[in-house]
Amino acid sequence: MQMKDKVVGIAGMGRIGKATAKLFKAIGARVIGYDHKPSPEEQEQIEYSSDFKSFLSQVDVLSLHMPATADNYHILNAQSLAYLPRGAIIINTARGSLIDTTALLAALDTGALAGVAMDCYEAEDAIINKQIDLGNIDKKMKRILANEKILYTPHIAYYTDEAVRALVLNALDSIVCLYEAGETEAELR
């Protein structure tokens, strides 16, 4: 697939979504953004769609960068997946709860989707945090791991040296703030 001939949809135009949009634009893709609250400055820099259904219907590659909120829970479900053009590809490096896994697997089985790249899964906590033996993982995860149309990698972006350092420094800053002010900086805001 040559990206210069494709439309990439970036759902969630925060810091990571903006960086992803720049990368796809740099390799020649047409990039469309979708966000619940796009800023006016962003709308000058990238094409936006304010309607999710219309947004989905235009994209060949969908890259998700949305937070896990009640409003975004299963934002990609059987109905919304049907709006994507046949043969679309989904990239989810955001949160597993954005996608209804049952609907995703069905769309792959029927050929509606060409493929999925993901490093998150809606029931991943049991796998990541408890390090469960692969023989005991749920049936959907087994189907994900066995599906040749899915590239699944562990959700471990936060394990880089820089990210771990930032986590430790933030924790230490919170301890100092708690000691000095009786509250953490987040509680003071």
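**Sheet, crossover and buried loop residues in a predicted model**

Ser97 is buried, because its relative accessible area is 18% and buried denotes a value under 20%, with exposed set at over 50% and partly exposed in between (1.4 Å probe, protein chains only). The structure is a predicted model, in which local features need pLDDT of at least 70 and side-chain atom pairs count only at pLDDT 80 or more, whereas totals for chains, interfaces and linings use all residues. Residues are numbered from 1 along each chain as its sequence is written, and side-chain values use heavy atoms, with hydrogens and water left out.

The chain contains nine helices and seven strands; these elements are DSSP runs numbered from the N terminus, with helices (H or I) of at least four residues and strands (E) of at least two. Of the 189 residues in the chain, 38% are buried. Contacts, defined as heavy atoms within 4.5 Å, were also examined by separation along the sequence. Among those between residues at least 6 apart in sequence, 60% join residues at least 24 apart.

The seven strands form an open sheet with parallel pairing, in the order E3-E2-E1-E4-E5-E6-E7. Two strands are taken to pair if DSSP finds at least two bridges between them. The edges of the sheet are E3 and strand E7 (150–152), each of which pairs on one side only.

Strand E1 (residues 7–11) pairs with E2 through five bridges in the parallel sense, and Val7 stands opposite Arg30 in E2. Between E1 and E2 the chain passes through helix H1 (residues 15–26), giving a right-handed β-α-β crossover. The term right-handed applies here if, with the strands pointing away from the viewer, the path from the first strand over the helix to the second runs clockwise. H1 lies across E1, E2, E4 and E5, and runs at about 170° to E1. Such axes are lines fitted to C-alpha atoms, for helices over the stretch in contact, and the angles run from 0 to 180 degrees between N-to-C directions. Strand E2 (residues 30–34) is mostly covered, with four of its five residues buried. E2 is also joined by two bridges to strand E3 (residues 47–48), and these two strands run parallel. In this pairing, Ile32 stands opposite Glu47 in E3.

Val59 occupies the loop between helix H3 (52–58) and strand E4 (61–64). Its relative accessibility is 0%, and Val59 therefore counts as buried. The C-alpha atoms of Val59 and Val8 are separated by 5.5 Å, although the two residues are 51 residues apart along the chain. Leaving aside residues up to four places away in sequence, Val59 touches Val7, Val8, Gly9, Leu84, Pro85 and Ala88.

Asn92 belongs to strand E5 (residues 88–92). Asn92 counts as buried because its relative accessibility is 1%. When residues up to four places away in sequence are not counted, its contacts are Leu64, Leu98, Ile99, Ala117, Met118, Asp119 and Cys120.

Ser97 lies in the loop between E5 and H5. Not counting residues up to four places away in sequence, Ser97 touches Ala68, Asn72, Tyr73, His74 and Glu122. Ser97 and Ile75, which are 22 residues apart in sequence, are 8.4 Å apart in space from C-alpha to C-alpha. His74, one of the residues touched by Ser97, is located in the loop between E4 and helix H4 (78–81). His74 is buried, with a relative accessible area of 15%. Its phi is near 50°, a positive value in a residue other than glycine.

The axes of helix H5 (residues 101–110) and helix H7 (residues 139–146) come within 11 Å and cross at roughly 35°. The crossing of H5 and H7 is left-handed, a term used if the near helix is turned anticlockwise from the far one by less than a right angle, the right-handed case being clockwise. Thr101, Thr102, Leu105 and Asp109 of H5 make the contact with Lys140, Arg143 and Ile144 of H7. These contact residues divide into two nonpolar, two polar and three charged, where Ala, Val, Leu, Ile, Met, Phe, Trp, Tyr, Cys and Pro count as nonpolar, Asp, Glu, Lys and Arg as charged, and the others, Gly among them, as polar.
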